[in-house]
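Hi,

Here is the model I promised to pass on.

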Amino acid sequence: MKNSACEKLMWLVLGTPSLAYLRQQGTPVDPKKAKGIFRQMVAETPEIGSLRENPLRMCLAAGMVWLSVYKAAEGTVEDACFGEMVKESMESPLVVAAYKGKAKRAFTRESQQKRADVAARTNPLAADNPYQWNAEVIFGRDPEEYTINYHQCGLCALGRREGLSRLVPYMCVLDILSVEWMGGVLRRTMTLAAGGEYCDFYICKKGSRWDT
């Protein structure tokens, strides 16, 4: 992948608070070293499409930020601390504001159609690219609910390559938080990261008749 504006933004938005969190925990990490590892990860990862073509590029870039910071720490960060670091960086004001800004259009037929259109473009590429997502989008009974089943996950492929698959489940919190900030509720019974057959995302608008 190219170190595009997406990757640079994700480093700024997530890398900075991640490093700050570890510093507060008494585990300072060299920012230059972490950024160097991040750039190497980006360069070693096949393209999955621009952010406009594939919004999940942002998720893959986020995973590379978190794993590069972890690797730069050279074994001084425990897994549970890594999970807290991920959550802390996601809760930074810039990230929260970005997702809350999508709330008005998150539960519309147009939004569901856009997700289906992205899947139609990217799914055929997933067979030859493990860093690509394969998503089955199921339209809801109305605009306030829908389902996405992910049969392939780019973050899982990244974790396998870096020998850090055990950390990928901690990164799944980004799904829960992002849906919440967009005014929704995410329910799932399994994830690929935790060894499930697929990731089953049922998403509904908070307070709707489906939120039971």
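Helices here are DSSP runs of H or I with at least four residues, strands are runs of E with at least two, and both are numbered from the N terminus. On that basis the chain has ten helices and four strands, in the order α-α-α-α-α-α-α-β-β-α-α-α-β-β from the N terminus.

Two things to keep in mind. This is a predicted model, in which local features need pLDDT of at least 70 and side-chain atom pairs count only at pLDDT 80 or more, while totals for chains, interfaces and linings use all residues. Residues are numbered from 1 along each chain as its sequence is written, and side-chain values use heavy atoms, with hydrogens and water left out.

**Overall shape**

The radius of gyration of the chain is 17 Å, close to the 17 Å that the globule rule gives for 212 residues, so the chain is as compact as a globular protein of that length. (The radius is taken over C-alpha atoms, and the rule is 2.2 Å times the number of residues to the power 0.38.) Along its principal axes, the C-alpha trace spans about 50 × 35 × 30 Å. Of the 212 residues, 50% count as buried; buried means under 20% relative accessible area, exposed over 50%, and partly exposed in between, with a 1.4 Å probe and protein chains only. Taking contact as heavy atoms within 4.5 Å, 65% of the contacts between residues at least 6 apart in sequence join residues at least 24 apart.

**Aromatic pairs**

Rings of Phe, Tyr and Trp (its six-membered ring) pair if their centres lie within 6.5 Å; planes under 30 degrees apart are stacked, over 60 edge-to-face, and the rest tilted. The whole structure holds six such pairs. In one of them, the ring centres of Tyr70 and Phe82 are 5.7 Å apart with planes at 85°, so this pair is edge-to-face. Tyr70 sits in helix α3 (residues 57-72) and Phe82 in helix α4 (residues 79-90), so the pair ties together parts twelve residues apart in sequence. Both Tyr70 and Phe82 are buried.

Tyr150 and Phe201 also pair edge-to-face, because their centres are 5.1 Å apart and their planes are at 75°. This one links distant parts of the chain, with Tyr150 in strand β2 (residues 145-152) and Phe201 in strand β4 (residues 199-205), 51 residues apart. Tyr150 counts as buried at 10% relative accessibility, and Phe201 at 7%. Ring pairs also join Tyr70, Phe82 and Tyr170 into a cluster.

**Asn149, also in β2**

Asn149 lies in strand β2 and is buried, at 9% relative accessibility. Leaving aside neighbours within four places in sequence, the contacts of Asn149 include Glu136, Ile138, Cys199 and Phe201.

**Helix α7**

What does α7 pack against? Its buried residues, among them Gln112, Val118 and Asn123, pack against α6 (103-106), β1 (134-139) and β2. Helix α7 bends by about 30° at Ala120, and a proline, Pro124, follows within four residues. The bend is the angle between axes fitted to the seven residues ending at a residue and the seven starting there.

**One exposed leucine**

Leu12, in helix α1 (residues 5-24), is exposed, with a relative accessible area of 53%. Leu12 and Val65 are 53 residues apart in sequence and 9.4 Å apart in space, C-alpha to C-alpha.

Cheers
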